[in-house]
Amino acid sequence: MDNFIEKEASDCYYHTFLNHTQWKEYQMEIFDKTVTAPRMIAWYEDKDNAGANQDGPDWTPELLSIRKKVEAETGLAFNAVLLNLYRNGKDGVAWHSDHTDNSGPNPIIASVSFGETRMFRLRHKTRKDIQQVEIPLHHGSFLLMAGTTNSFWQHQVPKTAKDILPRINLTFRRVSRSK
Ligand SMILES: O=C(O)CCC(=O)C(=O)O
Ligand SMILES: [Fe+2]
């Protein structure tokens, strides 16, 4: 959904997140190697959530206000958000599906994007006859990944050789670590 957040507010959010977030590198374990992901991240989670890192950053007013809007739109409650910063075309995210701890194979993830438009690609895990889906995620857009999106599909944000500006993506999630 385009223009989930209107242009002026999106500009404001973009600059605030870009300049006032404690962006961190993300080290991934791939087989036996530790590699640095080609993007920067920040994780926010309700502190009263079981197992939450008490030293993590507190939700900012901007994040809380987007969370409220996302919850109103979806009728769902989220307790965590992952921020991704794609600094330029060399940043991206490889094919994967998302599983938040113990939330089952079909988590509901709400995604909000700011800044440069990047392609969001989906592919079925096994059915090679089903065409890949490509969705451009624009400044201020909203995307809901629900149902079997994460159990049957993988997604990626491919790198691009184009000379582009940063993009920031927020994925709201519901994390529950209790059994
Ligand atoms: O940047 C995006 O649109 C997707 C990010 C993503 O897939 C993730 O954080 O799991
Ligand atoms: Fe993802």
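Predicted model: local features only at pLDDT ≥ 70, side-chain atom pairs only at ≥ 80, totals over all residues.
Biologist: Thanks! Now ligand 1: which residues are the closest to it?

Modeller: The closest are Asn84, Tyr86, Asp98, His155 and Arg167, out of 13 residues that surround ligand 1. An N or O atom in the side chain of Tyr86 is 2.6 Å from an oxygen atom of ligand 1. For Asn84, the distance from a side-chain N or O atom to an oxygen atom of the ligand is 2.8 Å, and for Arg167 the value is 2.8 Å as well.

Biologist: How much of the accessible area of ligand 1 does the protein cover?

Modeller: On its own, ligand 1 has 290 Å² of accessible area, and the protein covers 97% of that.

Biologist: Let's turn to the sheets. In what order do the six strands of the open sheet stand?

Modeller: Read across the sheet, the order is β1-β2-β3-β10-β5-β8, with antiparallel pairing. From one strand to the next, the twist averages 30 degrees.

Biologist: Why is one side of β1 and of β8 left without a neighbour in the sheet?

Modeller: Each has a single partner strand, because β1 (24–30) and β8 (141–145) stand at the edges.

Biologist: Can you walk me through β1 and its partner?

Modeller: Gladly. In a regular strand, the side chains alternate between the two faces of the sheet. Here, six bridges pair β1 with strand β2 (residues 33–45) in the antiparallel sense. Glu29 has Thr34 of β2 as its bridge partner, while Glu25 stands opposite Met40 in β2. The hairpin of these strands has two residues between them, and Phe31 takes a positive phi near 50 degrees there.

Biologist: Which strands does helix α1 lie across?

Modeller: Helix α1 (residues 7–20) lies across β3 (80–86), β5 (109–115) and β10 (167–173), and makes an angle of about 90 degrees with β5. Helix α2 (residues 61–74) also packs on the sheet, where it touches β2, β3, β5, β8 and β10. The direction of α2 is at about 60 degrees to that of β10.

Biologist: And what is the strand order in the open sheet of four strands?

Modeller: That order is β4-β9-β6-β7, again with antiparallel pairing. The edge strands, β4 and β7 (133–137), each pair on one side only. Here the twist averages 15 degrees from one strand to the next. Inside this sheet, strand β6 (residues 118–124) and β9 run antiparallel, joined by four bridges, and His124 stands opposite Trp153 in β9.

Definitions and conventions: Residues numbered from 1 in each chain as written. Chains lettered and ligands numbered in written order. Heavy atoms only, no water. Pairing = 2+ DSSP bridges. Axes fitted to C-alpha atoms, helices over the stretch in contact; angles between N-to-C directions. Contact = heavy atoms within 4.5 Å. Near = heavy atom within 4 Å. Polar contact = N/O pair within 3.5 Å; in protein donor to acceptor, adjacent residues only side chain to side chain. Areas by Shrake-Rupley, 256 points an atom, 1.4 Å probe, with all protein chains shown as cover.
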